[in-house]
Amino acid sequence: MNHRALAFALVGLNVFLDPGAHAQALRLQSSGTLAAPGVRATPTSQQAADFIVAVVNSEPITRHEVRAEMQRLAQQLNQQGRPQPAVDALTSEALERLIRNKAELQFARESGIRVSDADVNQAEQSVAAQNKLDQSELYRRLAADGISVNQFRKQLRDQLTLTRVREREVDSKVRVSDTEVDQYILSQSDSANALAKEINLAQVLIAVPDGATDPQIAALQVIAQRALDRARAGEDFAALARELSQASDRANGGQLGLRSADKYPPIFVDATQALGVGELTGLVRSGAGFHILKVIEKRGAGMPATTMTQSHARHILLRLNAGLSDAAARGKLADFKKRVVAGQADFATLARENSQDTSAAQGGDLGWASPGQFVPEFEEVMNALAPGQISEPLTSRFGVHLIQLNERRNVTLSQREQRDAVREILRSTRLDEAFAVWEQDIRARAYVDVREAPQ
């Protein structure tokens, strides 16, 4: 389990808590049920047969807890499309995870880690909001799975506690020196294999239909050449792609995406191999038509991006409370969208009059934002929009939003920003290694008594 995104194993609900103790991604399964690890309701006959299977220091682990953990692990494997192991192997893995968690929670409490009721309240609200539930509906679904509010809140508190102890004991102690950054960059730059490098190209395609006559091809070539002339004159390439390109990627400004060079058509690689970032090819003829290619990014395999796509959006936020349910907020924002699309209202004006965050005074304007700046559930919807498009209402941990994307742009990272990205790559690897060592140490120091099932 990754210590930077602790998976809250709830049957029917996956909760990821980030280091700031906010719910980061929540999804209800089609069943619409909720359950918590180790506290899943079981029939009375099974409850009577429950017994202790292990003791970690002085705390027991019961058979029911192991079964719940097995169910969670099986669900994760199903979601990942991976085969199920034998029952014995699944049982062993579930028990070992429970032992590690018990030992880590005990260490956290002994070392003074505390989680306030306010923190638990915030996590609970995030679970409800991102599943489009109010608090009472959340509690109802928990009760339907035989889970009390106290049990659910205990699980939230435990996960927050684990997050904080791992931040303190692992994250805060991992450092990457400037020398290590230099060595990594040098090692990536030394690669002589062009196909080991990754590139991101954008294109404008003027399609040539099958069976086109020579005069028709000549006319289409003239159109393509005019588009190339406009691009060379400095017009925004993404705007040209959206206006003229006949490829499916035109809504994304013609970008084909960062990938290894061997994943591109050879004629694209040959045409762009000698070009630098930002440079344009001449007309490239393929079986599909005439292509104009622009190099958005080039980097060695394993190197971070040297460019990024930024988005400029505005939004309207309605916060959920006792007087405004998720459904009511969505209905109100859906009406706002309908009015804006029909030309009966202005998005910025509606944001100034209704949005409940600090961007309201600026008409909901969020400025230029880099990837990762917004919470994932917001960013995912924003990234799917084309400039000028308005989203459907969406729920985040903050409330319900309506997003309008104004424009996008590609920016080149400064040398310092590129070095910071390399540092983060190295730190991420070190964190995983350091966490594994720390977890093994905590496990080794715990007294664990694994017991046989009663006969």
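Residues are numbered from 1 along each chain as its sequence is written. Because the model is predicted, local features need pLDDT of at least 70 and side-chain atom pairs count only at pLDDT 80 or more, while totals for chains, interfaces and linings use all residues; side-chain values use heavy atoms, with hydrogens and water left out.

To start with the overall picture, the protein has 14 helices and 14 strands. Helices (H or I, at least four residues) and strands (E, at least two) are DSSP runs, numbered from the N terminus. Buried residues make up 44% of the 455 residues, where buried means under 20% relative accessible area, exposed over 50% and partly exposed in between, with a 1.4 Å probe and protein chains only. As for contacts (heavy atoms within 4.5 Å), 69% of those between residues at least 6 apart in sequence join residues at least 24 apart.

Three strands, in the order β5-β4-β14, form an open sheet with antiparallel pairing; two strands pair if DSSP finds at least two bridges between them. β5 (59-62) and β14 (448-450) are the edge strands, each pairing on one side only. From one strand to the next, the twist averages 20°. β4 and β5 run antiparallel and are joined by four bridges, and Val 56 stands opposite Glu 59 in β5.

The loop between β4 and β5 holds Asn 57. Most residues other than glycine have a negative phi. Asn 57, though not a glycine, has a positive phi of about 60°. Its relative accessibility is 33%, so Asn 57 counts as partly exposed.

Helix α3 lies across β4, β5 and β14, and runs at about 155° to β5. Here axes are lines fitted to C-alpha atoms, for helices over the stretch in contact, and angles run from 0 to 180 degrees between N-to-C directions.

What about the nonpolar interior? A nonpolar core is a set of buried Ala, Val, Leu, Ile, Met, Phe, Trp, Tyr and Cys residues joined through side-chain atoms within 4.5 Å. The largest such core has 26 residues, and Val 53, Val 56, Ile 61, Val 66, Leu 95, Val 165 and Trp 438 touch the most other members. The elements giving two or more residues to this core are β4 (52-56), α2 (63-79), α3 (87-110) and α14 (415-445). Of these, α3 supplies the largest share, eight residues. Leu 95 touches Val 53, Ala 54, Ile 61, Val 66 and Val 450, leaving out residues up to four places away in sequence. Another core, of 16 residues, lies apart from the largest one and includes Ala 227, Ala 231, Phe 237 and Ala 241.

How do α6 and α14 pack? Helix α6 (residues 149-169) packs on α14 at an angle of about 110°, with the axes 11 Å apart. That makes α6 roughly perpendicular to α14; angles under 35 degrees count as roughly parallel, over 145 as roughly antiparallel, 65 to 115 as roughly perpendicular and the rest as oblique. The contact is made by Val 165, Arg 166 and Glu 169 of α6 and by Phe 435, Trp 438 and Glu 439 of α14.

With residues up to four places away in sequence set aside, Glu 104 touches Leu 162, Arg 166, Trp 438, Glu 439 and Ile 442. At 1% relative accessibility, Glu 104 counts as buried.

The last stop is strand β10 (residues 307-318). Ten of its twelve residues are buried, so β10 is largely enclosed by the rest of the structure. β10 pairs with strand β13 (residues 399-412) in the antiparallel sense over twelve bridges, with Met 308 opposite Val 411 in β13. β10 also pairs with strand β11 (residues 365-369), again antiparallel, over three bridges; Ser 311 has Ala 369 of β11 as its bridge partner.

Leu 318 also belongs to β10 and, at 2% relative accessibility, counts as buried. Beyond neighbours within four places in sequence, Leu 318 is in contact with residues including Leu 324, Ala 329, Leu 333, Asn 354, Gly 399 and Val 400.
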